Protein chains: 2
Amino acid sequence: MAKNYNIAILGATGAVGKELLELLDSRDFPVADLRLLASNRSVGERLSFKGANILVEEASDHALSNVDIVLASAGSSISKTLGPIAVEKGAIVIDNSSAFRMSPEVPLVIPEVNPNAITKHQGIIANPNCTTILMALVVWPLHQVQQVKRIVAATYQSASGAGAKAIAEVKTQAQEILEGRKPTTEVFPYPLAFNLFPHNSPLNDFGYCEEEMKMVNETRKIFNDSNIRISATCVRVPVLRAHSEAINLEFNEPFFSDKAREILSRAPGVKLVEDWQANHFPMPIAASGENDVLVGRIRQDISHPCGLELWLCGDQIRKGAALNAIQISELLVERQLVKGAKLSISS
Amino acid sequence: MAKNYNIAILGATGAVGKELLELLDSRDFPVADLRLLASNRSVGERLSFKGANILVEEASDHALSNVDIVLASAGSSISKTLGPIAVEKGAIVIDNSSAFRMSPEVPLVIPEVNPNAITKHQGIIANPNCTTILMALVVWPLHQVQQVKRIVAATYQSASGAGAKAIAEVKTQAQEILEGRKPTTEVFPYPLAFNLFPHNSPLNDFGYCEEEMKMVNETRKIFNDSNIRISATCVRVPVLRAHSEAINLEFNEPFFSDKAREILSRAPGVKLVEDWQANHFPMPIAASGENDVLVGRIRQDISHPCGLELWLCGDQIRKGAALNAIQISELLVERQLVKGAKLSISS
């Protein structure tokens with residue numbers, strides 16, 4: 001007996017919101033009623049879903065009544081305000097912001113990694129940060145076979161991570177530079193076109209930025225492994241969409257690259273892209289629009305007897321955000337977990 | 001008694017060649033005669049030097065007579081052919097290619113790191129690879145205080161590393177993409193504008209590319225330390241000029257970030273760029289045209305008790321190539337080592 005569900009997208013007009021809409025359609029999610037919510041600015045816009053033009057409504061308490069699943073992607077402060085209200089009204093909130101990710105009561109879920117964590121939800125389920133999802137998808141299958149002791153990551157993050165406006169800004173800057181003009185900056189603190197800079201999220205007292213600490217703390221929570229040691233350097237690069245990551249893994253014993261290759265070639269959500277003859281490996285333009293995280297250049301680390309180097313690219317709007325949230329929704333439906341959740345969030 | 005020297009630039013019309021010309025001028029190098037050599041294609045062009053328009057001549061045996069210093073930057077195969085001939089004719093060759101870098105008889109020199117190595121030259125002195133120079137300049141002062149055990153590097157390399165044509169190609173590709181057209185590729189195997197890919201130099205049997213192995217082997221030779229363990233992931237990014245590197249260092253004992261900061265703030269050829277309040281650190285656009293390598297985001301590695309993370313950007317045409325070669329020339333002059341060298345190269 002198939003059921004349909006009332007869905008609300010909170011932040012429907014953003015880059016992730018639009019991807020959520022597209023995925024609900026293309027993956028034939030059992031939608032009964034679809035509500036598109038956004039800030040005042042976007043109210044009155046219409047977005048297309050399965051042939052219908054749906055009016056964007058203002059995100060408010062009222063708009064969250066009679067909703068089964070809220071797919072929230074409108075930023076941390078809106079999630080903090082409206083998330084608990086939606087739960088109070090009977091919805092499950094799948095939250096793409098960082099608002100609740102580290103709350104002990106909130107499952108932080110990548111369906112390919114820790115699907116069972118969703119059963120413990122109390123109304124809110126958090127979607128991990130994009131860089132975390134991409135890395136975790138690739139590292140988890142290896143970690144299952146031989147425990148990862150330490151990760152050193154360097155990221156190459158696209159403009160899309162800062163939203164649709166950021167993508168437009170990089171294009172405008174590129175045009176300005178090509179015409180010999182000074183690039184204008186609004187979304188980012190520095191020009192990104194033909195440039196790059198360490199991720200501009202706030203820094204902690206140890207010199208790590210928020211984005212880097214998300215990779216550290218979220219991975220530990222998702223893996224349910226507080227012993228795994230992680231350091232990351234997050235960098236914004238002038239790529240429009242899809243993040244890349246250079247990952248150095250350290251194990252307690254050697255992890256042979258052939259074995260890693262074999263494991264990753266059949267890992268869910270991961271696609272091995274390695275043509276050593278043609279020097280062809282994952283690239284952001286190849287990962288854009290793809291569901292899978294592309295991984296390649298898997299090699300023994302020549303600087304450490306138990307080290308392994310690899311390179312990955314993933315669509316940060318898709319698997320890094322929207323697709324993961326939809327997969328969580330699908331898992332909830334499959335396990336008949338959608339109705340009747342009540343809030344009990346301490347943070 | 002100041003002397004002047006006959007200089008030849010081999011590969012004068014390339015990106016590095018033009019920078020060599022500019023630096024000979026701006027640094028008031030004691031030039032007597034200046035010969036600009038290039039391939040057939042560029043013969044007949046004229047380049048300006050101190051008000052004179054100098055004709056570009058064809059690079060040949062003949063053109064290398066009566067030259068004191070050859071600044072070679074025309075690629076490995078030309079260096080292999082013409083380098084030994086120039087030495088035979090009495091010149092010292094400062095070679096920017098990889099042709100002789102690992103030959104035991106050839107000093108591989110960064111003047112701030114191993115200036116004394118030049119005394120052992122037998123006619124050819126090699127300029128290290130750009131990524132190696134930038135990394136070595138920053139790591140060496142720390143290595144002097146506490147031995148570096150292991151380096152894990154991830155690079156963000158600009159188009160300029162592949163020459164003037166590559167810079168033009170990225171600009172053209174960006175324009176094509178902004179106009180909705182398919183980007184054309186000629187210099188690089190894949191589009192680089194709004195994209196990135198692992199460095200396209202040939203791969204060895206262990207999965208490391210030539211560029212990565214240069215960082216490993218050249219650093220060991222320059223540091224005269226065969227124990228230092230190094231792994232690198234080299235990546236080309238759509239930046240026009242200046243390379244960036246995320247560097248993870250491992251020592252035998254903790255190396256405190258404040259101490260590293262203090263050491264690097266007074267290291268030659270290095271400029272500390274750290275404004276933690278403003279989240280402002282080295283960027284390629286800031287490093288372009290600068291002599292110094294910019295370093296910042298120095299922090300304790302939270303994943304390793306003896307680890308240190310740092311971030312650097314350096315002008316790869318300038319300190320990564322042309323400036324280093326000019327500094328070697330200046331050192332030769334200062335130490336009165338220019339005349340009378342004879343060749344004895346085994347490789």
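Chain A and chain B bury about 5,100 Å² between them, and carbon and sulfur atoms give 62% of that area; buried area is the accessible area (1.4 Å probe) that two parts lose on being put together, summed over both. Select Phe194(B), Leu196(B) and Ile302(B) first: these residues supply 13% of the area that chain B buries against chain A, more than any other three residues.

This is a predicted model, in which local features need pLDDT of at least 70 and side-chain atom pairs pLDDT 80 or more, while totals for chains, interfaces and linings use all residues. Residues are numbered from 1 along each chain as its sequence is written, chains are lettered from A and ligands numbered from 1 in the order in which they are written, and side-chain values use heavy atoms, with hydrogens and water left out.

**The interface**

Now show both sides of the contact (heavy atoms within 4.5 Å): 63 residues come from chain A and 63 residues from chain B. Between the chains there are 41 residue pairs in polar contact, both at pLDDT 80 or more. A polar contact is a pair of N or O atoms within 3.5 Å; within protein, one must be able to donate a hydrogen and the other to accept it, and residues adjacent in sequence count only if both atoms are side-chain atoms. On the side of chain B that touches chain A, S8(B) gives the most, with six residues. That side divides into 38 nonpolar, 16 polar and nine charged residues. Here Ala, Val, Leu, Ile, Met, Phe, Trp, Tyr, Cys and Pro count as nonpolar, Asp, Glu, Lys and Arg as charged, and the others, Gly among them, as polar.

**Salt bridges**

Eight salt bridges run between chain B and chain A, each a side-chain nitrogen of Lys or Arg within 4 Å of a carboxyl oxygen of Asp or Glu. Pick Arg297(A) and Glu212(B), whose closest N and O atoms are 2.5 Å apart.

**The cavities**

The structure holds two cavities of 30 Å³ or more. On a 1 Å grid over the protein atoms alone, a cavity is a set of points where a 1.4 Å probe fits but cannot get out, and lining residues have an atom within 4 Å of a point. Grid points are joined across faces, edges and corners, and a volume is the space filled by probe spheres set on the points.

The largest cavity holds about 100 Å³. Of its 16 lining residues, select Val152(A), Ala154(A), Val152(B), Ala153(B) and Ala154(B), the closest to its centre. Its lining has ten nonpolar, four polar and two charged residues.

Finish at the second largest cavity, of about 40 Å³. Select Phe194(A), Pro238(A), Ala174(B), Ala193(B), Phe194(B) and Pro238(B), which line it.

Terms used
On a 1 Å grid over the protein atoms alone, a cavity is a set of points where a 1.4 Å probe fits but cannot get out, and a pocket is an open set with protein on both sides within 12 Å along at least five of seven lines; lining residues have an atom within 4 Å of a point. Helices (H or I, at least four residues) and strands (E, at least two) are DSSP runs, numbered from the N terminus.
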